[in-house]
Amino acid sequence: MNSLEAINNLKQQMLSKVIGQEELVEKIIISLLAQGHILIEGLPGLAKTRAVKTLSSIIDAKFSRIQFTPDLSTEDILGEERVYEEAGKRVYKFHKGAIFGNIILADEINRAPAKVQSAMLEAMEERQVSVAGQILKLPELFMVLATQNPIEQYGTYPLAQAQKDRFLLHTLVDYVKMDEEYQMLKLLQQEHIQTTDDITKIPQEYILNAQKEVAKVEIPEEIGKYIVELVFATRYPLRYSKQLSVMIEVGISPRGTLALSQCSQAIAWLNNSSKVRVQDIHAVIHDVFRHRLVESSHTKDNGIKVDEIIDIVLENVSLPKSVS
């Protein structure tokens, strides 16, 4: 089994356990391949947590779950030093928090205040934790999958822009179709009866090798320039459209440029292509831009959705000559 076969195996196993959420599964795998983190947003009960737990059950890796609540502390996430008495002397030992795993479920991340949310920043960006006067490296395979309820729900704390920018993708989850919900009901009944676990664990080596192969996917010069221009159209919207200029308050950060290229590479690799194509960019641009684009007050007042702004950006940026 090669790396692509292993990832396809992962995808099929996830789809068999997470009914009706093909796009969610696809975006989780893209984030995994691009070595990034994903923010999953949707109403309660839409299989967000189930998808993450299914991923962790298939990969041979350490899984940690952090349930974000208003009383959660940074020590619960990062860890803390504890005092012990050994041979009549006080000894300090550091106990690692939940962040020291391979696959981290940050469940309902917007249920905790900003101070606790910010404890994730260094880990997500630099893959290390500074605590108790020392810097501790995180595992090579490290991914944060955060779920959140919609911001308008009572008792939530909106993520700061700097926090959201650390996520490679922001994926929205909606209700499944009626027949899919019936299939989900039958699956849950089978799981209650089933006593043996038939999931085949995928070794970490296959995931790490796949990530390396994805990073080698070629981004042709004209495709790279197209990615950059899409980003710049959000920073300098008046150059492209007066309509855009009144819709956008702050454009996409340089992290967005990198995220769009990395995710496009992952999609191309999944499609067994050695080069990134325009359709690979279009397939993921909404999830890359959605949480990075800051709308103007005009946009909010008129009920215009961020995805609509991204559509207008795509309409106003010329395609590369080879595909136009």
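Glu41 stands opposite Gln148 in strand E8, where strands (E, at least two residues) and helices (H or I, at least four) are DSSP runs numbered from the N terminus. The model is a predicted one, in which local features need pLDDT of at least 70 and side-chain atom pairs count only at pLDDT 80 or more, whereas totals for chains, interfaces and linings use all residues. Residues are numbered from 1 along each chain as its sequence is written, and side-chain values use heavy atoms, with hydrogens and water left out.

Strand E1 (residues 38-41) pairs with E8 (residues 143-148) in the parallel sense over four bridges, two strands being taken as paired if DSSP finds at least two bridges between them. Both belong to an open sheet of five strands with parallel pairing, in the order E2-E5-E8-E1-E9. Strand E2 (63-67) and E9 stand at its edges, each with a single partner strand, so one side of each is left without a neighbour in the sheet. From one strand to the next, the twist averages 20 degrees.

Glu41 is also, together with His170, Leu172, Arg290 and Val306, among the residues nearest the centre of the largest pocket, which is lined by 24 residues. Here a pocket is an open set of points on a 1 Å grid over the protein atoms alone, where a 1.4 Å probe fits, with protein on both sides within 12 Å along at least five of seven lines, and lining residues have an atom within 4 Å of a point. Helix H7 (161-165), strand E9 (169-172), strand E11 (294-295) and helix H16 (306-316) each give two or more residues to this lining. The space in the largest pocket amounts to about 740 Å³, a volume being the space filled by probe spheres set on the points, which are joined across faces, edges and corners.

The second largest pocket, with a volume of about 290 Å³, is lined by 16 residues, and Gln35, Glu125, Arg166, Leu168 and Gln262 lie nearest its centre. Helix H6 (121-126) and helix H12 (254-270) each supply at least two lining residues, and the largest share, four residues, comes from H12.

Helix H12 also packs against helix H2 (residues 22-33) at an angle of about 110 degrees, with the axes 9 Å apart; axes are lines fitted to C-alpha atoms over the stretch in contact, and angles run from 0 to 180 degrees between N-to-C directions. That makes H2 roughly perpendicular to H12, a term covering angles of 65 to 115 degrees. In the contact (heavy atoms within 4.5 Å), Glu26, Ile29, Ile30 and Leu33 of H2 meet Cys263, Ala266, Ile267, Trp269 and Leu270 of H12.

Methods: Angles under 35 degrees count as roughly parallel, over 145 as roughly antiparallel, 65 to 115 as roughly perpendicular and the rest as oblique.
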